Amino acid sequence: MENKTFVASWSGGKDSAMAYYRAVQSGARPVRLWTMFEIGEEISKSHALPIELVEAQAESLGVPLMTRGADWNGYEEQFLDAMRECKEAGIDIGVFGDIDLEDHLEWVRNSCAKAGLEAVHPLWKESRRKILEEFIEAGFEAYLVVVNTKMMPARFVGRRFTIELMDELEALSIDSCGESGEFHTVVVDGPIFNKRVPIKLSSPYERDHYVFVKAGLQEGAR
């Protein structure tokens, strides 16, 4: 990917951060972040991050943020619209954080192809544990912000993502990568950031079978 420009699919969590990191290490140049939000574009899909927090991540990365808002029925249409905008802007590739879910990989590749953009997956088929160990060893700082209580205990929400946490999850036969939706994370620091994002985590709350910790910026941070 040497000298190629890329748009990074950015959830705000660990997998998208690692894919971004690997792409930069390979010599590619980030020129845009893309995040899908709920309709209204105030809260991100899946990770439930507020727009101001994702904007702060983009600011620290030094890369412009592009957003779209959609429910799941309109997701593909908005995805294609965003990727076509990137193609028209002369961006070479899209970088995605998929690891080993074949169906999602194929959907991303096919959808990007419709927009005339090449999809690249820097983490594809690597050991989940190896990726996470590299993530922590590289100096990334992340926290669990969403927990699916059908798949793991609610008490883990709000915890910092560490080797010790991975070991705890695996001792309970829980995937420490959260690749099947067990949990989602937010990344606030690491080698790709110019400065730490000043995060504030509030008290957990529950909706349906998910527990969320509200993530925001510390008062006066922006």
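This is a predicted model: local features need pLDDT of at least 70, side-chain atom pairs count only at pLDDT 80 or more; totals for chains, interfaces and linings use all residues.

Biologist: How many salt bridges does the structure hold?

Modeller: There are 19 of them.

Biologist: Which residue does Glu102 pair with in a salt bridge?

Modeller: Lys125, with 3.3 Å from N to O. Glu102 belongs to helix 4 (residues 102–114) and Lys125 to the loop between strand 5 and helix 5, so the pair ties together parts that are 23 residues apart in sequence.

Biologist: And what's Phi of Lys125 like?

Modeller: It's near 65 degrees, which is a positive value in a residue other than glycine.

Biologist: Where else is there a positive Phi in a residue other than glycine?

Modeller: Ser46 has one, near 70 degrees. Ser46 sits in the loop between strand 2 (29–37) and helix 2 (51–61), and its relative accessible area is 37%, so Ser46 is partly exposed.

Biologist: Back to salt bridges. What does Glu106 pair with?

Modeller: Arg109, and the closest N and O atoms are 4.0 Å apart.

Biologist: How far apart are the closest N and O atoms of Glu168 and Arg159?

Modeller: They're 2.6 Å apart, in another salt bridge. Glu168 is partly exposed at 34% relative accessibility, and Arg159 is partly exposed at 29%.

Biologist: Which residues are linked in a network of salt bridges?

Modeller: Arg22, Glu126, Lys130 and Glu134.

Terms used: Residues are numbered from 1 along each chain as its sequence is written. Side-chain values use heavy atoms; hydrogens and water are left out. Helices (H or I, at least four residues) and strands (E, at least two) are DSSP runs, numbered from the N terminus. Buried means under 20% relative accessible area, exposed over 50%, partly exposed in between (1.4 Å probe, protein chains only). A salt bridge is a side-chain nitrogen of Lys or Arg within 4 Å of a carboxyl oxygen of Asp or Glu.
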